[in-house]
Each structure stands twice: as structure tokens, then as C-alpha cells.
Amino acid sequence: MRTRLTPALLLLLACTLTSSGAAPTTQSTAPSPTTRPAPPQSPPIQFPNTPHPDFGPNVLIADPATPHLQDTLNTLFTQQESAQFGPGRYAVLFKPGKYDLDVEVGFYTHIAGLGHSPDDVVITGAVRSKAKWLHNNATCNFWRSVENLAVIPNLDNNANIWAVSQGTSLRHTHIRGDILLSDGGWSSGGFLADCKIDGGINSGSQQQWFSRNDEWAGWYGGSWNMVFVGCTNPPKGEWPAKPYTVIPETPVIREKPYLTINKDGRYAVALPPLRTGEVKGTGWNTPAKYIPLSYFYLAHAGLDTAETINAALDRGMDLLLTPGVYHLSAPIHVTRPDTIVLGLGFPTLIPDKGTAALELADVSGLKIAGLLLEAGPKQSPTLLQVGPPDSKLSHADNPTFLYDLFTRSGGANPGTCKTFVTINSRNVVGDNLWLWRADHGNGVGWDKNKTAHGLVVNGDDVTLYGLFVEHCQDYQTLWNANGGRCYFYQSEMPYDPPTQQAWMNGKTQGYASYKVADTVTTHEAHGLGVYAFFNVAPVVADTAIEAPISLPGVTLKHLVTIRLPGKPGSGINHIINDQGAPVITEMKSIR
């Protein structure tokens with residue numbers, strides 16, 4: 001995330017590996033306040049009692065006749081607007097129909113339609129994320145999501161505002177008008193997939209953004225690093241004059257599963273099909289498979305344990321985690337092929353005993369979606385393990401997918417782990433991952449929320465769309481396997497090394513953020529941005545990215561390094577290996 005920064009002394013250097021030159025451009029960013037509003041101490045939200053499956057007290061099932069619906073939504077937003085590290089987790093699910101509402105989306109809030117297609121739920125007004133709580137600075141607007149509905153915007157000059165940063169998603173949604181990705185202040189990072197925008201998208205102050213399989217009338221604006229994969233009508237402009245990386249087709253994708261209801265009031269989970277090859281645009285016209293909700297075990301925080309959840313999985317059930325914070329004394333084990341683990345309302349899994357939160361077997365077709373994994377007080381080796389070590393099986397015909405998967409250490413509570421996510425299986429596809437060692441909040445410090453790696457990839461042929469990894473203390477992303485593909489990477493180096501000596505990789509100053517191992521012979525990455533803001537000591541990283549680029553099978557394109565104002569003398573010496581000019585305080589800003 002980008003906070004506490006000033007608009008001065010900013011230098012951006014960008015290069016492609018087809019030439020060793022670096023072309024300069026500029027973009028400024030601004031500080032957030034040093035003090036943040038405390039979360040309101042509101043009583044629990046009392047949702048109307050409506051017949052539905054036992055999703056728990058923090059899920060509102062709404063229809064057009066729900067009484068006082070706008071008042072209920074306002075109360076929920078007031079509680080969650082600034083509750084950055086609060087305990088509340090909520091989902092608001094709209095039955096098919098037409099609504100006149102202003103739906104403001106706060107922290108840990110999941111807004112979704114229950115139709116079979118987005119146009120089954122139409123909201124006239126807004127479904128928006130703003131940043132009033134932080135003086136219009138959206139760089140901390142995390143952990144919120146919207147999916148499977150249509151919006152006719154008639155507020156904010158008829159533009160739907162979605163001013164967010166990491167840990168968010170806007171999926172499978174129809175905006176019948178324009179959309180604005182900032183709120184008048186700074187914003188940095190977001191994820192848009194399988195959406196139709198009838199009007200245009202104005203990126204505003206967004207510093208980086210990832211879009212996949214979207215359709216729009218036009219895209220306007222751009223700052224540092226913006227990647228478009230499989231989108232129709234992507235913006236025009238050549239790198240580095242324009243910060244656009246355009247990949248015409250998506251090589252492999254299955255859209256995220258989502259909850260639906262039919263005319264008889266029966267619930268099911270829609271599972272979109274696997275699409276491979278030259279995939280372009282949305283997948284709305286591809287028929288989904290519907291899995292009855294009776295096939296799912298509905299877990300509840302405070303009632304269910306790892307033991308009860310694992311027992312249900314062992315019986316062959318899929319898993320739906322209702323909103324809440326789950327403290328686990330052992331990992332959740334997913335062993336059956338094609339299992340779906342679906343989270344509503346940002347369910348948060350915390351391993352209290354130093355284990356993983358979630359361990360997946362080396363099987364095909366797993367779908368893991370909508371979870372926040374948080375490190376506990378005892379160090380875990382990893383929070384998510386996909387396949388045991390030395391997994392060798394091919395899953396090319398039926399890959400495992402990870403959707404909207406977010407992790408953190410510190411921030412809400414003290415916590416530590418060695419690695420956030422370890423992928424040992426082959427053919428895994430990640431779709432929107434934010435792996436965050438917290439730089440503010442509770443339990444934060446160089447020797448407190450220790451986390452070496454965000455992501456370690458040991459399995460071949462792993463594909464990642466929208467990878468955000470921040471502030472880890474070693475290689476933040478370590479790719480040890482062949483056939484990897486990464487489309488968009490956003491990473492900040494750790495803010496807080498106390499001295500240069502405390503952050504050394506042998507004789508090398510600091511650690512590269514993105515490391516492709518020397519043994520790797522095939523790898524491709526597109527649109528990688530690595531940023532430095534060292535605010536404790538004058539620290540230097542020798543390079544942002546390391547990779548064996550002399551090999552013909554290793555290709556990295558459109559790379560960006562940025563030095564944000566911090567301690568004088570700090571910065572990054574090179575973009576990749578020993579190539580690319582430095583971004584250091586003493587250099588003159590280029591306007």
C-alpha cells in the first residue's frame with residue numbers, strides 16, 4: 001500500500017528486456033494522515049429475519065420488498081466504513097429484481113447478486129467504494145468485493161465510483177454507464193474481471209491496475225503499471241510512453257464460482273466452465289454447472305473448528321465458509337478432487353498453533369475462493385500449502401484455481417509466518433492474490449510480524465493473474481519451477497529495515513522482490529512493478545528483480561521501479577539483475 005508519501009522527489013524508470021535502456025516518466029503520490037479514525041463501536045447489525053439457509057447472522061438476504069433496506073445498508077456501512085482492522089465480516093446478497101439504492105461498500109463487506117447472470121439484479125443508484133474516511137485517499141480501501149449484479153449509476157455525476165486498492169475485487173458485474181477508479185485522492189491497485197462497462201473507465205489517480213476479460217466502451221488514464229489480459233477494446237499506446245501492457249487473449253481461465261437462487265427459492269453454487277486457448281472478453285454466454293447448496297457444508301465462526309470442517313470434507317462435501325473469524329488449532333485439509341471452498345463476507349482463517357490454515361492435496365480441479373488467511377501468534381511455515389512437497393502430477397486438463405485469496409501478518413493482530421502461500425502442485429492458476437506483511441496496525445515491526453516470503457512456487461506450469469505481494473523480508477516472490485506465467489505484479493519492498501546490515505542477502509544489499517531461480521529455464525512475466533519506500537533507515541536494494549534472462553526461455557517484459565520519498569540515500573540500484581538505472585533520493589526528479 002502507499003501511505004504517508006509526498007508528491008515531491010519521485011522518479012520512475014521503466015524498461016523492457018528487449019533493450020537495456022530505461023525511459024523516464026513521472027507520477028506523484030501523497031500522504032495519508034498519520035492517525036486513522038478509530039472504528040465505530042456500533043452494536044451488531046440486526047438484519048431482518050428472512051427464510052434462507054443458515055448463513056449465520058452476518059448475511060443479509062435482500063429482495064425488492066425488504067423493509068427499510070436502505071437504512072440497514074447505511075447502518076452497515078457506518079459501522080464498516082473505517083473498520084480497517086475490525087472484527088466484523090458481512091455479506092449482502094440480493095435476490096433477482098430491481099432496486100433503487102445507494103450501496104456503499106466498506107471494509108470486509110461482500111456485495112453479490114443471486115441471479116444466474118449479472119442483469120438479474122439491477123440496482124439504480126450506486127454500488128460504490130469511496131474514501132471519505134481517509135480524506136478521499138483510497139490507498140487503504142482494502143477487503144471489499146462486488147459480484148454478479150448490474151448497476152445503473154445516477155449519483156456522482158452518473159459515474160459509479162470504485163476507489164479501491166489491494167485485497168478487493170469487482171467481478172461478473174454490468175455497469176450500465178461509466179466507472180471511476182478514484183475518489184479525488186490517491187488510489188493504488190485493484191482487480192477487475194469478467195465485467196461489462198457500457199460507458200468508459202477513468203482510472204483517475206490509480207497507480208497500478210489489473211483487468212482481465214472485461215469489455216468497455218473505452219479506457220482513459222494511466223499512471224505506473226496497468227495490465228490488460230483478454231480484454232476487448234484495451235487502451236492504445238506503446239510502452240513505456242504509455243503504462244499499458246496488453247495481452248490479447250487469456251490462456252486459461254475458469255471464472256470464480258458464485259451463489260445463486262432459482263425461482264423455487266433453492267440455492268446453488270454456479271460453477272463456470274474451464275476455458276482455454278484464445279479466450280477474450282467475458283464468459284457470460286458460457287453455460288455454468290449448478291451445484292445444489294445441499295452439497296455444501298455451511299461453516300460458522302465460533303461454532304465450527306478445523307475438526308468439524310475436516311469431518312465434513314472427509315464425507316465428500318464442498319465447503320461454504322460464512323462470514324466471521326475462524327481460529328484454527330489445525331489446518332483445514334482439502335483432499336477430494338474438484339472440491340469447492342467458497343467464502344462469503346471475507347471469512348478469516350487464523351492458525352493459532354503454528355500450522356498452515358489450509359492444506360490442499362495434489363489433486364485436480366480444486367476451487368478456493370474468497371478467503372482472508374491471517375498469521376497467528378506462533379510462526380507458521382506457510383498459511384496456504386497447495387500440494388505437498390515434491391508434487392509431480394499433471395493437472396493440465398483440470399487445474400486448481402485460487403480466487404480472491406488474501407493473506408496478512410500483523411495489522412489486525414500480532415502474527416508471523418515464514419511464507420504466506422506455497423504452491424507445490426503443477427498447473428495451479430491464481431486469480432487475484434494480495435499477500436501482505438502489514439506496515440501499519442497492531443503487531444507491526446521488523447522483529448514482530450516476521451514474514452520471509454509472500455509466494456514460493458515449486459510446481460511447474462503455474463499461471464498467476466493479478467499478483468500483489470508487499471513488504472516481506474526475503475525474496476517476496478520466489479519462483480523455483482518451470483513454465484511459470486505471471487500477468488501483472490505489484491510489490492513494495494519492506495518499509496522498515498532498521499539498518500542496511502539487517503537487510504542483506506549475503507554480500508548483496510537487500511533482496512529482489514521478484515526472484516526467478518537460476519535453475520529455471522522457462523518463465524514469462526508481463527507488467528512487473530516494484531516500489532521502494534524506506535522510512536526507517538537509509539537502505540538500498542541492489543535490484544528489484546532477479547532472473548536468468550540470458551536464457552531464451554525466460555522472458556520478462558514491461559518492468560517498472562519507483563523510489564518513493566523516504567530516508568535520504570535510500571532506493572533501488574537496478575531494475576533487473578545489473579540492468580536499469582537507479583532510483584535514489586539524490587537523483588533529480590524528472591517532470
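A disulfide here is a pair of cysteine sulfur atoms within 2.5 Å, and this structure holds 0 of them. What you're looking at is a predicted model, where local features need pLDDT of at least 70 and side-chain atom pairs count only at pLDDT 80 or more, while totals for chains, interfaces and linings use all residues. Residues are numbered from 1 along each chain as its sequence is written, and side-chain values use heavy atoms, with hydrogens and water left out.

**Cysteines**

- The sulfur of Cys 231 has its closest cysteine sulfur in Cys 195, 9.8 Å away, which is too far for a bond.
- Cys 231 is buried, with a relative accessible area of 3%; buried means under 20% relative accessible area, exposed over 50%, and partly exposed in between (1.4 Å probe, protein chains only).
- Cys 195 is buried too, at a relative accessible area of 0%.

**Confidence**

- pLDDT is the predictor's confidence in each residue, from 0 to 100.
- The protein chain has a mean pLDDT of 91, and 91% of its residues reach 70 or more.
- Over residues 1–42, though, the pLDDT is below 50, and this stretch has 147 contacts in the model beyond near neighbours in sequence; a contact means heavy atoms within 4.5 Å.
- Residues 585–591 also stay under 50 in pLDDT, with 19 contacts beyond four places in sequence.

- Helices (H or I, at least four residues) and strands (E, at least two) are DSSP runs, numbered from the N terminus, and two strands pair if DSSP finds at least two bridges between them.
- Val 457 stands opposite Trp 479 in strand 39.

**Helix 2**

- Helix 2 (residues 306–314) has buried residues Ala 306, Ile 309, Asn 310, Ala 312 and Leu 313.
- These cover an arc of only 160 degrees around the axis, so they lie on the same side of helix 2; the arc is that of the directions from the helix axis to the C-beta atoms.
- That buried set packs against strand 25 (296–299), strand 26 (318–321), strand 27 (325–328) and strand 28.
- Glu 307 and Asp 314 are exposed, on the face of helix 2 turned away from its buried side.
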